[in-house]
Amino acid sequence: RFCSLAVIACTFCGIGAFQVSTDSVMKRHNLGNVMASSILEDRTSSVENTSTATRDLPPLLQDMVDERREFEINLGRAMDTLRRDYPNMLHQTPDFSIFHDNIYVVDPSGVQLTGLKSYKNSFRFLQTIVRLIYSSTESGVQSRMVYDFARQSIRISWNAVLVPKVVGNRRNALYIDGISVYKMDSESGKIVEHKVERMLINNTPVIPPYGVLSALKNELLSPVDNRIPVGAGVGAGVW
């Protein structure tokens, strides 16, 4: 009988200990949930405070912040579009949605264009010449893009190689190097100016009063030996 009582007592003690341990674990679990909930609330509160702080800016500063954010979005879109269009610029119509209707274009020879319609026509004319005379599979454009924070402009150093269809080899190719500078209009978020700098045709600078077409005609009618490959020597790669 004494042994039975001892066994019963031990059993109750074990159950009591198990309940105490379970209660302790549950308390720690509940404490962890409270702490996690508190941290989550703190983070949510922090985000809300930051958003509220931005919204609570004075109207003038808020307009400046919104304008800058909109400009950066448009800038990123313009750079992504140019980066996608440049490799196929000689053969495919680029995306003109990033350009202003009153875009102003100028090249080193002094040739100037005004208006999106004239800009589109210049691309059609260029691509027509390329299709008629040069190989679409052998010809192409390489480019490198940077954003000039000091001048607030997109700068693209590009190298084009045009391989004739008749004598389709690189020895008779036409090499054109240049730098294109794009400036954006802060109000519309579109490119309002495209200026071509330091254009070289077979390592010969294009300068006034000779235009690009005159230089191309001279190269086609009176080609020179030892033409300079794309990107070699001095040229558009020098900022």
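**Fold.** I counted four helices and seven strands in the protein chain. Helices here are DSSP runs of H or I with at least four residues, strands are runs of E with at least two, and both are numbered from the N terminus. I read the order along the sequence as α-α-β-β-α-β-β-β-β-β-α.

**Ground rules.** I am working on a predicted model, where local features need pLDDT of at least 70, side-chain atom pairs count only at pLDDT 80 or more, and totals for chains, interfaces and linings use all residues. Residues are numbered from 1 along each chain as its sequence is written, and side-chain values use heavy atoms, with hydrogens and water left out.

**Whole chain.** I looked up burial next. Of 239 residues in the protein chain, 32% count as buried. Buried means under 20% relative accessible area, exposed means over 50%, and partly exposed is in between (1.4 Å probe, protein chains only). The protein chain exposes about 15500 Å², and carbon and sulfur atoms supply 59% of that area. The areas come from the Shrake-Rupley method with a 1.4 Å probe; for residues, only the protein chains shown count as cover. I then took contacts, meaning heavy atoms within 4.5 Å. Of those between residues at least 6 apart in sequence, 57% join residues at least 24 apart.

**Helix H3.** I checked the length of H3, residues 116-133. Its 18 residues should span 26 Å at 1.5 Å a residue, and the end C-alpha atoms are 26 Å apart, so the two agree. The expected span is 1.5 Å times one less than the number of residues. Which residues of H3 are buried? I found Leu116, Tyr119, Phe123, Gln127 and Val130. They sit on the same side of H3, because they cover an arc of only 65° around the axis. That arc is taken from the directions from the helix axis to the C-beta atoms. Lys117 and Leu132 are exposed on the other side of H3. The cover over the buried residues of H3 includes strands S1 (99-106), S4 (153-162), S5 (174-184) and S6 (191-201).

**Cavity.** I searched a 1 Å grid over the protein atoms alone for cavities, sets of points where a 1.4 Å probe fits but cannot get out. The count is one cavity of 30 Å³ or more. The largest cavity holds about 40 Å³ of space. Grid points are joined across faces, edges and corners, and the volume is the space filled by probe spheres set on the points. Its lining is Leu82, Asp85, Met89, Pro94, Phe99, Tyr119, Phe123 and Tyr182, each with an atom within 4 Å of a point. The elements giving two or more residues to this lining are H2 (59-85) and H3.

**Single residues.** I looked up Ser153, in strand S4. Ser153 is buried, at 1% relative accessible area. Leaving out residues up to four places away in sequence, Ser153 touches Val146, Tyr147, Asp148, Val181, Tyr182 and Lys183.

Arg198 is not a glycine, yet its phi is positive, near 50°. Arg198 lies in strand S6 and is partly exposed, at 42% relative accessibility. Asn203 also has a positive phi, about 70°, and is not a glycine. I place Asn203 in the loop between S6 and S7 (204-205). Asn203 is partly exposed, at 35%.

Last, Leu57, in the loop between H1 (2-55) and H2. Leu57 is partly exposed, at 30%.

Definitions and conventions
On a 1 Å grid over the protein atoms alone, a cavity is a set of points where a 1.4 Å probe fits but cannot get out, and a pocket is an open set with protein on both sides within 12 Å along at least five of seven lines; lining residues have an atom within 4 Å of a point.
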